[in-house]
Amino acid sequence: MTLEEAPVSLHDAPGRRLTMIEAINEALDIMLARDPDVVILGEDVGYFGGVFRATAGLQKKYGKMRVFDTPISEGGIIGVAVGMGAYGLRPVPEIQFADYIYPGLDQLVSEAARLRYRSAAEFIAPMTVRSPFGGGIFGGQTHSQSPEAMFTHVAGLKTVVPSTPHDAKGLLIAAIEDNDPVIFFEPKRIYNGPFDGYYDRPVKPWAEHPDSVVPEGYYSTPLGKARVVREGDAVTVLAYGTMVHVAGAVCAEKGVHAELIDLRTLVPLDLDTVQKSVEKTGKCLIVHEATRTSGFGAELSALVQERCFWHLEAPIERVTGFDTPYPHSLEWAYFPGPVRIGEALDRLLGH
């Protein structure tokens with residue numbers, strides 16, 4: 001690595017306030033420039049710049065051989081990416097909405113996730129599948145799903161969910177550099193600003209949030225390392241994506257001295273940070289937007305129970321979406337908002 005290619009120091013690098021979309025675009029721009037094997041493909045990612053404009057300007061800068069549009073065929077997009085990875089490229093396919101990733105599920109589960117194992121590492125699938133996920137934008141049942149738990153069940157896949165522009169850039173760079181397939185879910189509700197769960201209040205821009213400061217140049221955020229957003233000793237709150245901000249806002253408004261942990265990556269999971277926190281607080285609240293049954297919160301609950309049983313002072317609480325399709329007209333009843341999170345905190349703390 002030359003001096004020009006060396007990572008910047010996060011302490012010395014000038015920082016700019018970016019939205020999550022801008023941070024993702026910058027990460028893709030940096031990796032396209034650093035590695036000629038990186039290519040971006042998907043529906044409308046080229047000339048149009050993606051449905052949320054996360055790839056805007058990249059085709060013009062790097063050409064149609066590096067950033068190109070595909071037919072509306074998620075199975076084809078993922079299948080082509082697996083082949084690209086096996087032959088030395090680092091593809092970054094985009095699935096426009098996580099709700100449409102299912103046609104590519106067989107390619108992800110049966111091919112990408114197994115390729116290193118079944119070829120004795122002769123072939124790998126270093127691909128990063130980007131996809132907006134989650135609700136909060138009135139997308140209804142076909143544009144609001146959170147299918148992350150489905151992928152955490154598959155050995156060989158890594159699952160990443162950023163919650164800030166700073167982490168979105170660093171985690172995406174780390175994902176693209178990883179030699180295993182990574183599912184990179186982007187919470188679309190917080191693309192342009194953090195969300196505290198109060199849908200009837202004015203929207204806050206990222207410019208007012210400290211984690212919107214993104215250093216210039218290259219840096220990566222390690223996969224498998226959670227972030228302690230705020231320290232506390234009353235209760236441990238485990239969340240990821242949009243729910244980090246919602247849970248944090250509820251704890252602040254209720255004056256609960258909670259230790260809020262942003263998991264960042266679900267697989268690999270930073271279980272040491274989780275265990276250390278629960279052993280300190282004795283209470284655990286898990287928050288996610290996905291459906292409750294077999295959601296990732298169920299796995300977290302089992303792990304906390306196994307590791308921290310003798311330290312628990314109350315039953316583990318889960319606040320999640322319901323076991324129904326994501327409703328359009330009842331979006332905020334489904335969404336794990338401040339009321340349900342507040343009630344769970346009250347039960348944990350015995351109020």
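Phenylalanine 335 has a relative accessible area of 2%, so it is buried (under 20% is buried, over 50% exposed and anything in between partly exposed, with a 1.4 Å probe and protein chains only). The model is predicted, so local features need pLDDT of at least 70 and side-chain atom pairs count only at pLDDT 80 or more, while totals for chains, interfaces and linings use all residues. Residues are numbered from 1 along each chain as its sequence is written, and side-chain values use heavy atoms, leaving out hydrogens and water.

Rings of Phe, Tyr and Trp (its six-membered ring) pair if their centres lie within 6.5 Å; planes under 30 degrees apart are stacked, over 60 edge-to-face and the rest tilted. The count by this rule is 15 aromatic pairs. Two of these are listed here.

| Pair | Centre to centre | Angle between planes | Type |
|---|---|---|---|
| Tyrosine 87 and phenylalanine 123 | 6.4 Å | 50° | tilted |
| Phenylalanine 195 and phenylalanine 335 | 5.7 Å | 70° | edge-to-face |

Tyrosine 87 is exposed, at 72% relative accessibility, whereas phenylalanine 123 is partly exposed at 30%. Phenylalanine 195 is buried, with a relative accessible area of 4%. Ring pairs join Phe195 and Phe335 with Phe138, Tyr199 and Trp332 in a cluster.

Charges also sit over rings, meaning that NZ of Lys or CZ of Arg is within 6 Å of the ring centre and within 35 degrees of the ring normal. Arginine 34 lies over the face of tyrosine 218, 3.8 Å from the ring centre. The charged end of arginine 53 is over the ring of phenylalanine 48, at 3.9 Å from its centre.
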